[in-house]
Amino acid sequence: MTEGAGAGVPAVRVQGLWKRFGEQIAVAGIDLELPAGRFIGLVGPNGAGKTTTLSMVTGLLRPDQGTVEVVGHDVWRDPVEVKARIGVLPEGLRLFERLSGRELLAYTGRLRGLPGAEVDKRATQLLDVLDLAGSQHKLVVDYSTGMRKKIGLACALLHNPEVLFLDEPFEGVDPVSAQTIRGVLERYTGSGATVVFSSHVMELVESLCDWVAVMAAGRIRAHGPLAEVRGGAPSLQEAFLELVGAQGRIAGADLDWLGGGAR
Amino acid sequence: MSAAGGVSAASITPVVVRLKLSLLRNGLRQSAGRRAAYISSVVLVLLFAALQLIGLIALRGNTHAPAVALLLVALLALGWAVMPLFFPSGDETLDPTRLVMLPLRPRPLVRALLAASLVGVGPLFTLCLLLGSVISVAHGAAAYVTAVVAVAVALLVSVALARAVAAANIRLLSSRKGRDLAVLSGLVIAVGAQLVNFGAQRLGSAGGLSQLDPVADVLRWVPPASAIGAVDSVSDGSYATGVVQLLLAVAALAGLLALWSRHLTRLMTSPDGSTLQAAEPAAREKGASGAARLLPSGRTGTVMERSLRYVWRDPKTKAAWVTSLAIGLIVPVFNALQGTGSIYFACFAAGMLGIQMYNQFGQDTSAFWMVAMTISSTRDAYVELRGRALALLVITLPYATLVTVLTTAMLGDWPKLPEVLGLSFALLGAMLATGAWSSARFPYSIPQEGYKNVAPGQAGLAWISVVGGMVSAALLAAPVIALTIWLNVTSGGDDWSWLVLPLGAGYGALITELGLRMAAPRTAGRLPEILAAVSKG
């Protein structure tokens, strides 16, 4: 794995990032440095601004304010350097669904400027590893959620990026597909590449990541190596609930009729 | 709560009817615009119903009255049969899979759903038409009695027909292919309207209504029109024939209900379409892999290949293309057929097809992000847009040429062929140029479901994009138009009119290139804004 602008350069450096949608502030001034070569989790409840942040970091959404650098290159001033180095799997955006899985990979790879034969070779291997070989000629529109995430991941990996951004890659994915995705990602970070992924499933983040950033209401509440963020709490889940101040809201007395067999 | 007793048969019917009423009411509550649209459509339907009611009553006593009444009822039944195929989401109680979790038995359910389907504008309209039909044919007390039964039976047959068709095809309708079909329904309606128009014109011509009689002789035995046939027979005194016809309609009703009930039982006890579809072995989608080898390599060929695949595979894109191709052919050729045409109408084909260059990125929907991730320079954007323009030309150039040659052949005006071709090419070039530019400057979302081609709130944008673009395209093509006019009015200009072909083609190519060059930096510089604009669908 080539280290782009040399060792020590963070994978992502974000400074003073803001985004408003009308009245609502989605991202309220984020400063963040994500170290290279790590498996990084961006966690937070729904509506915390994770997707907005990742969209701005990957150049799919223009920030109101702030700068983003990926491996030392400014996302908005130097798109040539940045776009070749990153792979993206966004949440809530479509793929070209009227192509088959194989056609989608062939299209993406060639659009990235890779030679045709190389694209086809990599596509075959990715389809095999991701257990999609049997459905490679089916249109993506007929794929299940898990299969869509996997073909999206294959598209994002095809050009061997230095940094991979995944927005909720395990959302709605069955356990078997999730394990497959996990295996591929672990192998990928093992070679020195960086994965940044967002999720609201703490157990998953805890078991996969060695570095986390916690987001809530458009701000970063905590970031650092997993152990540091977890601190004294028994699990990341507990630490997270404490950080976002959502502890102790356990519904009790009102639902006294629920369960117990009596109707 | 006592849920143990189950739901008795008698109590379901009012529940389902109330459900239907609530669905209607809640549909109206969603927005004022929807309410206005619904109310105006109800008023329109009622006006139309009243008009045909008056018309049918006026026909009473006319020798052709039975023929007209039979034909109208048969057409209406046909409408009921095809409606669920094209408007599957039109009536939510039509979808039995929504009730699958409830502990209901088929027989009471069929009764309840049938009662619920009698609520609405469609059944009301049908009732008006049936009333008008029997009034126009019934003479005598026996006929009036038959008429009352006939109206009820015919109405029930129509409604049961829609239900049975929906239940039999729900697997198709709830699948992706069914939704694709629904998108194409607008086209079917447009073509159907043309056919009706054609039929009406023939009826209006010499011979008139008597042409209907042979058709009516068949229809009077086909349910539900046979119920109206029964009234007619009884009016004539042939009671036996009338009874047989009425029994036919009743038998049809029973048959439809049995069919519906059987499908309903099967639907409620078997996995739904999505599960079955996921379990299906992968079918190989035939691609243009052979022809793809002819495309240029690199980004250009890749973009062209995807664009061309989408013309065939994406229902929205396909519908737009078929519309353009059809109108581009129909206008010049029909005008030529009627003898009123000008050869210059052939330029219509180029104009209609050029429209497909507009809103290129809107056609991608939010999948545009995949394109945006690979555009990092003006050069990338230029190659992307050029690939799309070339894909369009692969279809458009031969088609526009064909339409022009065809129109010329029909009018027999061969000397004009070169200049009309030149004019077409210039116009096409201007459309491609303005299309590329407005794709970058005024992108808008195309919703994937339904018939709308513009997302809510973006109608103005779409209007600027297409209308503004077409006006500018006409202005851009003005030099070639002016040259053609000048050659036509100057004495001896005809000798030089062939010059319009090379000049027009060259001008078209030049202006396309310029348009692409101007659109590229705008595309490359506005990627996030374009993505946001096309992701609303």
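Predicted model: local features only at pLDDT ≥ 70, side-chain atom pairs only at ≥ 80, totals over all residues.
Reader: Which is the crossing of α3(A) and α14(B), left-handed or right-handed?

Author: The crossing of α3(A) and α14(B) is left-handed.

Reader: What makes the contact of α3(A) with α14(B), and how many of its residues are charged?

Author: On α3(A) the residues are A:Glu103, A:Tyr107, A:Arg110 and A:Leu111. On α14(B) they are B:Arg299, B:Thr302, B:Val303, B:Arg306, B:Arg309 and B:Arg313. By class, 6 are charged, 3 nonpolar and 1 polar. Glu and Arg count as charged, and both occur in this contact.

Reader: Why are B:Asp314 and A:Arg98 called a salt bridge?

Author: Their N to O distance is 3.9 Å. The rule asks for a Lys or Arg side-chain nitrogen within 4 Å of an Asp or Glu carboxyl oxygen, so the pair qualifies. Across the interface of chain B and chain A, the rule finds 4 salt bridges. Over all chains the structure holds 26.

Reader: How much area do chain B and chain A bury between them?

Author: About 3400 Å², with 61% of it on carbon and sulfur atoms. The contact takes 40 residues from chain B and 37 residues from chain A. In chain B, the residues that lose the most area to chain A are B:Trp369, B:Met370 and B:Met373. Together they account for 21% of what that side buries.

Reader: Which residues meet in the contact of α15(B) with α16(B)?

Author: From α15(B) come B:Trp321, B:Ser324, B:Leu325, B:Ile327, B:Gly328, B:Val331 and B:Pro332. From α16(B) come B:Phe348, B:Ala349, B:Met352 and B:Leu353. They divide into 9 nonpolar, 2 polar and no charged.

Reader: How do you know that α20(B) and α23(B) are roughly parallel?

Author: Helix α20 (residues 417-441) and helix α23 (residues 500-525) of chain B cross at roughly 5°. The limit for roughly parallel is under 35 degrees, so they pass. Their axes come within 7 Å. The contact has 19 nonpolar, 7 polar and 3 charged residues.

Reader: What joins B:Pro223 and B:Pro224?

Author: A cis peptide bond, with omega about 0°. B:Pro224 is found in the loop between α9 (213-219) and α10 (225-236) of chain B. Most peptide bonds are trans.

Reader: What is the phi of A:Val71?

Author: About 45°, a positive value, although A:Val71 is not a glycine. Most residues other than glycine have a negative phi. A:Val71 is found in the loop between β4 and β5 (73-74) of chain A.

Terms used
Residues numbered from 1 in each chain as written. Chains lettered and ligands numbered in written order. Heavy atoms only, no water. Contact = heavy atoms within 4.5 Å. Helix = DSSP H or I, 4+ residues; strand = E, 2+ residues; numbered from the N terminus. Buried area = accessible area lost by both parts, 1.4 Å probe. Left-handed = near helix turned anticlockwise from the far one by under 90°. Axes fitted to C-alpha atoms, helices over the stretch in contact; angles between N-to-C directions. Parallel < 35°, antiparallel > 145°, perpendicular 65-115°, else oblique.
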